[in-house]
Amino acid sequence: MNRNLILGLGLSCVVVLAALVSFVWTPFDHTAMNIPAKLQTPNGTHWLGTDHFGRDIFSMIMVGARTSIAVALVAVGIGMGLGVPLGLAAAAKKGSLLDEGIMRANDLVFAFPSLVIAILITAIFGAGAINAIIAIGIFNIPVFARITRGAALSLWEREFILAAQVSGKGAARISGEHILPNVANLLIVQGTIQFSLGILAEAGLSYVGLGAQPPTPSWGRMLADAQTMVSFAPHLALIPGSAIVVTVLGLNLMGDGLRDWLDPKLRLAR
Amino acid sequence: MLRYALKRGLSLAISLAVASLVIFFVIEIAPGDPASFMLGINAEPDTVAALRTELGLDQSKLQRYLGWVGGMLSGDFGMSYTYRTPVAEMIADRMWVSLPLAIYALTLSTLIAFPAGIYAAARRGKPGDMAVMGATQLGVAVPNFWFAMILVLIFAINLRWFGAGGFAGWDKGFGAAMKSLTLPAIALALPQAAILARVMRSALLDILGEDFMRTARAKGLTRRQALWRHGLRNAMIPVLTIIGLQFSFLLAGAIIIEQVFFLPGLGRLVFQAISARDLIVVESVVMLLVFAVISVNFLVDLAYALVDPRLRSRT
């Protein structure tokens, strides 16, 4: 394992662990208001301080991690679940009308300004975590379709696929049994990257008020709340922002590390 | 070459037609009637009906779609439901904020990314390279709206060098207008610069392994001379693609940054229009942005084909 992978894995594990632990334990109830104790800076009782309602920020960050991870994870799931089969089908029928149709549709989705469309979807169909997931997930589909098709195309030229064809397997079975396992590495790496982009997108949507709705805590909304108070309580903005940076950084490092680790050619080169 | 250009041009036209259909019908199925939204919940049904007629909402979907597309082709984007002003005028107004902001941010990002990428590539594996790469990892991970808040905290609230938001307007002079765009441009540019620097570095590293680079060294050029004369020019292809993509992203992606700084740009216009159910404005701005992205891609494709004849036979 390389340094990037270890560091990335470590950071990501901390965030996932915080999210999981928040289901059974948080230092305080993340919704409990305590106005006399409002706007405290980090101290012994409230490890990361309190917000303008006196809520414990550490607890909110822990529960917020849940929201971020859930939204990004399902969005990646949508992208993979639809994108990978489309990419496999396009590669199996290379040059056909199906291939052309899938790739053109991909180009089209890429051409749309993703953030504007995500805002449009959430604004039209209602702000909330589910619509945020769909809005982010749609833009993951072409990413996975394209990467799957690209990798699968070169695999279709290989002898072991020819052998499978000779043994009488159909295109669908070859795609599932021989192509998919060979592109899995690539998909895992891309999945990590899309996951981190999903966290950023969720934070952005929540920041403009279109992500998860109160009382569900979310890092993006904590930042939006902090904006008017940044001059006298900067920790309100610094802490959720740092949580986002640490999570995204961890995932990106993990993606880079995984790529190096899973690619035997790069391992030999070192 | 002409055949290739025509083929790409046709595909551009088809993409735009499909995009316009998608935009129109996605927004059409949106719940919420603009007329009743504008008049509020206490409006009489016949008042709503009258307004619907006035806005042209009682026509069939096909009629309205054709009217919208036909209008856009002749530069008439229709009339905003809420502001009662021509959409084209509103877009043009906002462009005077969004376009300079995008150009400003792109310039900054290029000015940061080029030296950083070249420096890192030239010192591959050494501490300088690692420092630059570490910084870019951080740059990619920072949400730009959070970075914007930090910039405001430091440079507007503590140091008081800049205003915390708002746009001075071009009539206050070039300097004042650019000053109010500076913090937003930095906030937009830094994450983009991090991506661009990484692309620049890896493109240069790919080139450094090429035969012609060895030839350049063999004929007596120093490493640095070879890099400047032969390396950079060849590394520009992937870098220019990313710059093209980033420009269209900056035009549309400023939407949240414009919220942070209260800038009256395109992004804020879309955002306000969505909240006010001003569908015609939303449709037109989104279509314009899609048009920008597709055209940039088209121009990049053409530029490639001009430079590299091998690409003309593909697709």
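A: Start with contact: two residues are in contact if their C-beta atoms, placed from the backbone, lie within 7 Å. By that test, and leaving aside neighbours within four places in sequence, Ile119(A) is in contact with Val208(A), Leu210(A), Ile255(B), Phe271(B) and Ile274(B). Note that this is a predicted model.

Q: What makes Ile119(A) stand out in the largest nonpolar core?
A: Ile119(A), Ala148(B) and Val270(B) touch the most other members of that core, which has 152 residues. Membership takes a buried residue of a listed nonpolar type, joined to others through C-beta atoms within 7 Å. H2(A) gives the most to this core, with 19 residues. As background, nonpolar side chains tend to be buried together in soluble globular proteins.

Q: How do you know that chain A and chain B touch, and how many residues take part?
A: The count is 31 residues of chain B in contact with 29 residues of chain A. The elements of chain B that give two or more residues to this side are helix H1 (2–28), helix H6 (127–141), helix H7 (144–158), helix H10 (223–253), helix H11 (255–261), helix H12 (266–275) and helix H13 (279–307).

Q: What is the make-up of the side of chain B that touches chain A, in nonpolar, polar and charged residues?
A: The residues there divide into 26 nonpolar, five polar and no charged. Asp, Glu, Lys and Arg count as charged, and none of the residues on this side of chain B is charged.

Q: Why is Leu190(B) called buried?
A: Leu190(B) has 23 C-beta neighbours inside 10 Å. The label needs 20 or more. Leu190(B) therefore counts as buried. Leu190(B) is found in helix H8 of chain B. Not counting residues up to four places away in sequence, Leu190(B) touches Gly139(B) and Phe147(B).

Q: Where does the kink in H8(B) lie, and how is its angle defined?
A: The kink, of about 40°, lies at Thr182(B), shortly before the proline Pro184(B). The bend is the angle between axes fitted to the seven residues ending at a residue and the seven starting there.

Q: Why is Leu39(A) called partly exposed?
A: Leu39(A) has 16 other C-beta atoms within 10 Å. Exposed needs 12 or fewer, buried 20 or more, and partly exposed lies in between. So Leu39(A) is partly exposed. Leu39(A) is found in the loop between helix H1 (3–24) and H2 of chain A.

Q: Why does Phe262(B) count as partly exposed?
A: Phe262(B) has 14 C-beta neighbours inside 10 Å, so Phe262(B) counts as partly exposed. The place of Phe262(B) is in the loop between H11 and H12 of chain B.

Q: What is the phi of Leu39(A), and what is that of Phe262(B)?
A: Phi of Leu39(A) is near 55°, a positive value in a residue other than glycine. Phe262(B) has a positive phi of about 50° although it is not a glycine. For background, most residues other than glycine have a negative phi, and most peptide bonds are trans.

Q: What kind of peptide bond joins Pro214(A) and Pro215(A), cis or trans?
A: The bond is cis, with omega about 5°. Pro215(A) lies in the loop between helix H8 (171–207) and helix H9 (219–226) of chain A.

Q: How many helices and strands does each chain have?
A: Chain A comes to 11 helices and zero strands. Chain B has 14 helices and zero strands.

Q: Where is confidence lowest and highest in chain A?
A: Confidence is lowest in helix H11 (residues 264–269) of chain A, at a mean of 56. Helix H2 (residues 57–92) of chain A is highest, at 93. Chain A averages a pLDDT of 87, and 97% of the residues score at least 70.

How values were computed
Residues numbered from 1 in each chain as written. Chains lettered and ligands numbered in written order. Predicted model: local features only at pLDDT ≥ 70, side-chain atom pairs only at ≥ 80, totals over all residues. Helix = DSSP H or I, 4+ residues; strand = E, 2+ residues; numbered from the N terminus. pLDDT = per-residue confidence, 0-100.
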